[in-house]
Amino acid sequence: MNETANPKPSLQGKVALVTGASRGIGRAVAVALARHGAHVVLQGRNAGALEETDDAIRTAGGSPSTIIPLNLTQEDRVDALGPTLFQRFGHLDILIANAGILGSLTPVAHVTDQIWQNVIVVNLTANWRLIRTLDPLLRRSEAGRAVFVSSGASSGQYAYWGPYAVSKAGLEALARTYAAEIASTSIRVNIVNPGPIATGMRAKAFPGEDPESLPTPEDIAPLFVELCDPNLKRNGATFNGRDRLQSHHKSTA
């Protein structure tokens, strides 16, 4: 059974914010959304890298994006994001909460204050702030869609992944709580666990792994597009990229 909606939805005229859009999954999803007609607002720490994503969007036939260089640890600036977008667009149709950091892989007893704080702030607290500042704009959309990016590490079964695992477990709880709270509205909130994808973060965590053996961010991007479909019914669900990619491989074999 297809858990999502139309695999090729029209997002013409939709306004989409993608966090962590300078590289990896965020960049691929931003390009895919633009290709389907959305106007994409790109968030990332590096303006030059965001401009490269904008170039990729234009090359793919999308409209020029809006670039917002922003460090998600800057709490006041994150809080101001909603009012800023309201002044520019009046609403928000899509939130792709993709930005995240790995921190360092080390025993829990050896984690420093700074590493713990940085990972929790970027991966968890910033997403709560995004919900708080953007919820009024999503409610002004005819079909607001929010997708949060988690990880298999959220299970807590992998040694040395403490801060990252805790942040992603908390993010899943946050997203499901938000989904329950907006269930009676036109907003739909879901979670994607991409699985192993050839990204810079993956290379940092598994330096000996051959990236050619992994799916690319472009391979997983269509799942995010489907979850932004205005006709989507699912809410509060977790979609595993590994299952999706295996299913796609079987259907095209």
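## The largest core

Four residues touch the most other members of the largest nonpolar core: Leu 33, Val 40, Ile 96 and Phe 224. This core has 35 residues. The model is a predicted one. Helix 1 gives the most, with 8 residues.

Take Val 40 as an example. Leaving aside neighbours within four places in sequence, Val 40 is in contact with Ala 16, Val 18, Ala 30, Leu 33, Ala 34, Ile 57, Ser 65 and Thr 66. A second, separate core has 29 residues. Among them are Val 78, Leu 134, Leu 138 and Phe 148. In soluble globular proteins, nonpolar side chains tend to be buried together.

## Strand 4 and its partners

Strand 4 pairs with strand 1 in the parallel sense over 3 bridges. Here Leu 17 has Leu 95 of strand 4 as its bridge partner. Strand 4 also pairs with strand 5, again in the parallel sense, over 4 bridges. In that pairing, the bridge partner of Ala 97 is Phe 148 of strand 5. Phe 148 is also a member of the second core.

The side chains of strand 4 go two ways. Ile 94 and Ile 96 point one way, and Leu 95 and Ala 97 point the other. All of these are buried. In a regular strand, side chains alternate between the two faces of the sheet.

Strand 6 (residues 188–193) pairs with strand 7 in the parallel sense over 3 bridges. Asn 193 has Asn 240 in strand 7 as its bridge partner.

The phi of Tyr 160 is near 80°, a positive value in a residue other than glycine.

## Helix 5

Helix 5 (residues 113–139) has 27 residues. From its first C-alpha to its last, helix 5 reaches 37 Å, close to the expected 39 Å. The helix also has a kink of about 45°, centred on Val 121.

Leu 137 sits in helix 5. Its relative accessible area is 4%, so Leu 137 is buried; the cut-off for buried is under 20%. Leaving aside neighbours within four places in sequence, Leu 137 is in contact with Gly 82, Leu 85, Phe 86, His 91 and Leu 92. Ile 115 is 22 residues from Leu 137 along the chain, and their C-alpha atoms are separated by 32 Å.

## Helix 8

Helix 8 is mostly covered, with 7 of its 10 residues buried. The buried residues are Pro 217, Ile 220, Ala 221, Leu 223, Phe 224, Val 225 and Glu 226. Phe 224 takes us back to the largest core, as one of the residues that touch the most other members.

Definitions and conventions: Residues numbered from 1 in each chain as written. Predicted model: local features only at pLDDT ≥ 70, side-chain atom pairs only at ≥ 80, totals over all residues. Heavy atoms only, no water. Pairing = 2+ DSSP bridges. Expected span 1.5 Å × (residues − 1). Bend = angle between axes of the 7 residues up to and from the residue. Core = buried A, V, L, I, M, F, W, Y, C linked by side-chain atoms within 4.5 Å. Buried < 20%, exposed > 50% of the residue type's maximum accessible area, 1.4 Å probe, protein only. Contact = heavy atoms within 4.5 Å.
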